[in-house]
Amino acid sequence: MYGVGILKGLGITLKHFVDTYVDDFKWGIRRYTSDEGFTARQGLETEGLFTVQYPEEKIAVPERFRFVPFLVVNDQDHATEPDADWCTSCGICAKVCPPQCIWIIRSTDPDTGRPVPQPKDFFIDIDICMNCGFCAEFCPFDAIKMDHDYELSDYDRTSTHIYNHAKLAKPLSYWQMIAPSRAEQERLSREADEAAKAARKRK
Amino acid sequence: MTDTTSETVHSATDLLFEKFGDAIQADDREGYEGVIVSSDQLVDVAQSIRDDLGYNLLTNLSYVDYLADDFFEVVYHAYRVPAGGPPLTFRARTPRNEAILPSLTGVWPSADFQEREAWDLMGIRFAGHPNLKRILTWEGFEGHPMRKDWREPFYEEDNKPFKTRWPGGEVDRAEMRVPYGMNVQYPAGFTVDGYSPEGDAALYAGLAVPESASGIGVQQIKTDQLVVNLGPQHPSTHGVFRMTVTLDGETITRLEPVMGYLHRNHEQIGERNTYLMNMPYTDRLDYISSMANNMAYAITVEKMLGQEVPYRAELLRVLMVELTRIVNHYWAIGFLLNDLGAFFTPSLYAILERELVLDLFEATTGSRMMCNYMRFGGVAYDLPPYIGGPAVKPGDRARELDTLQFLNDLVFERLPRSLDELDRLLTTNEVIITRCKGVGVLPADVAIAYGATGPVLRASGVPYDLRRADPYSIYNDLDFDVAVRYNGDTYDRYLIRMDEVRQSLRILQQVVPMLKETAGEDYWAGKRPYNVRVPVGEHYGHHENPKGELGFHIVSDGTANPYRYHIRAPSFINITPLEEMCRGSKIADAIIILGSIDIVLGELDR
């Protein structure tokens, strides 16, 4: 019989429409104000409308989220070396970068002319960066990390989209804030490495 | 590859030696396989391979520029369908300065677009090809960009990493360097103002049919033929794809796809890159199913490296690939409905669950679509403990969902429920049935001849799925069926996707409990180097992507960069039979036929 399939389809559309309001009545205003309400709205239980009211509310991105790298430096209140670079300008990130958007100038000692393990300047062309995360993945010093700030629109790309060291450097505390469990894991593995190194030295 | 299957390839080549004698030569280079066929007997040998040996589907045609030895080599890979097994490799050579080979379009129509691509990018002429013109670059393009001595605009160096980046990396924008300098090549006599696209005029003239031939299906009424241009800027062509059609009234009499608007010479970029650098680039091929692209590339290079993959990594790979397949098929079904005129209601219902799957991808890999997840020897990360993240920025809303619980609910409840709902919504809908049944029929023999793979082939009644035909990863241990439908029309191409989602769910329901058991095991074997060196040789690796067979043909010369990196893109080859499917249908049906093939321009144009 004609029309049955169409009616069934309309029923499903109606169900989706009603479900949105059922959820609203069940949760009340908490659906939009509380974190539990948000989880329910953006999780597996949700039945009706799925939308997020961007930019008033944003989904907090997961720890592994990757968007345009930044350089880790010591915090300003670090006991001995405030603002010191973790980067040793070894160049692995520049070598592994698929679109080749990382440019590093290595420092040299003015007296001896020998290279110093510290970048003199560090550039990333964020127009070219493809956010693959290889630089952070293969950095042996945890010195380059992927940022979580995805709102980078600008009126002029030519003058603003090449990030230099000053713009790329962010303190360790920032990394600990956006990726707490990964930062902690890295700290533990660094400490374990150092302990192993010290043990080898003692031998 | 088991011994029995490689045995069949060997006995097949033995038969060729017997029959053709001197025209066939074994390829004795280290790391290579297959036979070299002398070019003057290529068509006869191909005919024999198809008819006597039963390799009836020419899947891939790759071309390699051996600059040092001064010849081009065209490499063909053929399958036995639906029997399965590894491909038979045969190749033909032609000198670089006068590159010409006989066309195989007469034996396998699937060679049509691929030979045009080889002419376009490598400059190899194919004698006897019915329509040998450029396919991916524009018609006024000068030179053949895949040749090893060709230099692109803004050329820096042959291989990455570039030497200017470190230790003295003073930043420099490519576009600031001579945008119209010596690197850009133009045809003789070219001026910007004087350019008129002659290729278009030729295209339309080729499609226009002389008046006497008009009147298909309409007798006694004098009708005019009309050439209509669909796309490239058209919402129903799924991107910048263009079809030029000749119409008789509303009926299509001829159709020619025009493509290349998204061409970026992915393969040449791939040859400049190191092996690992290509991984994120494969995400950008079929951007709906980046995980599957990663998998195809990873298994190809691992085979060349002889790298083993830990069990948990295989589980994670299968999990991601099958979720991708579900997402892709939902997407295809949803947008097929858009093409049918049901504006966005069904497609939004179809891609609602996609958001949840992408949440998992994002939490695991760091990106929703450009996943860049697989590595040679495993995967980049294990599953995260929970999905969601800390609220940091103003307006951020935190969520915390346990990953395994999430996966469990998704795979056992949410996805099956949504599939059933989609089934109720669409399968028995009268409009869909009348619009789709009997439209764009692709018979099994035509599908095989034109090299169709994936759902398009299986909807035509050929149960051929690489996961079963030439098994890889852990698919041999998993319980699932190869979905098949027999009518080969648009409705069956819709149904086959529903069936495949069900089979993928079956796989996932086996994988998720195993993931729980193997928690904490190693997910990436080996030393995790960033500069892998692949032994000298060649390999054609293939993978059952959601859209069809994705193949990578990689030639290594032992350096850090692939010497040749060719992609057999399923979308590109699946539209070869488009004209066959559309001829005689109405213009509105062409849109849904194209939608039912399910193309993505990122991999079609490469």
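Two residues are in contact if their C-beta atoms, placed from the backbone, lie within 7 Å. The model is predicted.

**Between the chains.** The contact draws 55 residues from chain A and 54 residues from chain B. On the side of chain B that touches chain A, at least two residues each come from α6 (278-283), α9 (345-365), β14 (396-397), α10 (403-426) and α11 (430-436) of chain B. β14(B) also pairs with strand β1 (residues 58-59) of chain A, in the parallel sense and over two bridges. There, B:Arg397 is the bridge partner of A:Ile59.

**Within chain B.** Chain B splits into domain 1 (3-127) and domain 2 (266-604). Their C-alpha centres lie 28 Å apart. Their contact takes 24 residues from domain 1 of chain B and 25 residues from domain 2 of chain B. On the domain 1 side, β3 (57-66), β4 (71-79) and α3 (111-122) of chain B each give two or more residues. β3(B) provides the largest share, six residues.

| Domain 1 of chain B, touching domain 2 of chain B | twelve residues | ten residues | two residues |

**A helix in chain A.** How far apart are the end C-alpha atoms of helix α9 (residues 180-202) of chain A? They are 33 Å apart, which agrees with the 33 Å that its 23 residues should span at 1.5 Å a residue. α9(A) is hardly covered: one of its 23 residues is buried.

Methods
Residues numbered from 1 in each chain as written. Chains lettered and ligands numbered in written order. Predicted model: local features only at pLDDT ≥ 70, side-chain atom pairs only at ≥ 80, totals over all residues. Domains from an automatic or database assignment. Helix = DSSP H or I, 4+ residues; strand = E, 2+ residues; numbered from the N terminus. Nonpolar A, V, L, I, M, F, W, Y, C, P; charged D, E, K, R; others polar. Expected span 1.5 Å × (residues − 1). Buried ≥ 20, exposed ≤ 12 C-beta atoms within 10 Å, placed from the backbone. Pairing = 2+ DSSP bridges.
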